[in-house]
Amino acid sequence: QVQLQESGPGLVKPSQTLSLTCTVSGGSMTTSYYAWSWIRQPPGKGLEWMGVICSDDNTYYRPSLKSRTSISRDTSRNQFSLQLSSVTPEDTAVYYCAREDILGRVLDSWGQGTQVTVSS
């Protein structure tokens with residue numbers, strides 16, 4: 001049973017870069033059957049897909065966030081990371097990492113989520 005766990009600072013100042021890491025346990029990140037995503041949920045709003053990194057290291061981002069978002073992975077540590085630059089209070093949200101089943105086109109495993117607040 002694969003498990004995902006987000007980690008990173010809970011408070012980021014405006015204009016700084018938000019950095020989060022997702023640690024994957026109980027499964028390999030190298031299989032081509034899966035891709036690895038970041039999703040967020042601002043307070044009072046729905047889930048917002050941010051981007052994904054595939055087994056070939058290709059990345060795809062939400063167009064509205066593309067200029068500020070970077071997703072990378074370290075397979076030796078079974079981790080993948082999110083960086084969101086130039087944050088504003090509107091980036092305050094619960095951030096989730098998740099595994100995507102490529103064939104089923106579903107996010108089949110999720111981390112518990114981590115609250116990130118952007119405030120001075």
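# Close-up views of a predicted model

At 46% relative accessibility, proline 89 is classed as partly exposed. The views below all come from a predicted model.

**View 1. Proline 89 sits in the loop between β8 and β9.** The two strands on either side of this loop are β8, residues 79-84, and β9, residues 93-101. Because its relative accessibility is 46%, proline 89 is neither buried nor exposed but partly exposed, since buried requires under 20% and exposed over 50%. Threonine 17 lies 72 residues from proline 89 in sequence, and the C-alpha atoms of the two are 12 Å apart.

**View 2. Tyr33, Ile102 and Leu103 make a nonpolar surface patch.** Together these residues have about 350 Å² of accessible area. Isoleucine 102 belongs to the loop between β9 and β10, the latter strand being residues 106-110. With 32% relative accessible area, isoleucine 102 is partly exposed.

**View 3. The largest nonpolar core contains 25 residues.** Within this core, the residues with the most contacts are Leu4, Leu18, Trp36, Trp38, Phe80, Leu82 and Tyr95. At least two core residues come from each of β3 (18-25), β4 (34-41), β5 (48-53), β8, β9 and β11 (114-118). Strand β3 gives the largest share, four residues. Beyond its neighbours within four places in sequence, leucine 18 touches Val12, Leu82, Gln83, Leu84, Val87, Tyr95 and Val116.

View 4. Of the eight residues of β4, seven are buried. A hairpin is formed by β4 and β5, with six residues between the strands. In its turn, glycine 44 has a positive phi of about 75 degrees.

View 5. Four residues lie between β7 and β8 in their hairpin, and asparagine 78 in the turn has a positive phi of about 55 degrees.

**View 6. Arginine 77 and aspartate 74 form a salt bridge.** The closest N and O atoms of this pair are 3.9 Å apart. Arginine 77 is exposed, at 59% relative accessible area.

**View 7. Arginine 40 and glutamate 48 form a buried salt bridge.** The closest N and O atoms are 2.5 Å apart. Both residues of the pair are buried. The model holds eight salt bridges in total.

**View 8. Arginine 68 and aspartate 91 are joined by a salt bridge.** The N to O distance in this pair is 3.0 Å. Arginine 68 is in the loop between β6 (59-61) and β7, and aspartate 91 is in the loop between β8 and β9, so the pair ties together parts that are 23 residues apart in sequence. The relative accessible area of arginine 68 is 22%, which means that this residue is partly exposed. The value for aspartate 91 is 2%, so this residue is buried.

**View 9. Arg40, Glu48, Arg62, Arg68 and Asp91 belong to one salt-bridge network.** These residues are joined through salt bridges that share partners. Arginine 62 lies in the loop between β6 and β7 and is partly exposed, at 28% relative accessibility. Apart from neighbours within four places in sequence, arginine 62 is in contact with Glu48, Trp49 and Met50. Threonine 114 is 52 residues from arginine 62 along the chain, with 20 Å between their C-alpha atoms.

Notes
Residues are numbered from 1 along each chain as its sequence is written. This is a predicted model: local features need pLDDT of at least 70, side-chain atom pairs count only at pLDDT 80 or more; totals for chains, interfaces and linings use all residues. Side-chain values use heavy atoms; hydrogens and water are left out. Buried means under 20% relative accessible area, exposed over 50%, partly exposed in between (1.4 Å probe, protein chains only). Patches are made of residues with over 30% relative accessible area and no salt bridge: like charges are joined within 9 Å, nonpolar side chains (Val, Leu, Ile, Met, Phe, Trp, Tyr) within 5 Å. Accessible areas come from the Shrake-Rupley method with a 1.4 Å probe; for residues, only the protein chains shown count as cover. A salt bridge is a side-chain nitrogen of Lys or Arg within 4 Å of a carboxyl oxygen of Asp or Glu. A nonpolar core is a set of buried Ala, Val, Leu, Ile, Met, Phe, Trp, Tyr and Cys residues joined through side-chain atoms within 4.5 Å. Contact means heavy atoms within 4.5 Å. Two strands pair if DSSP finds at least two bridges between them.
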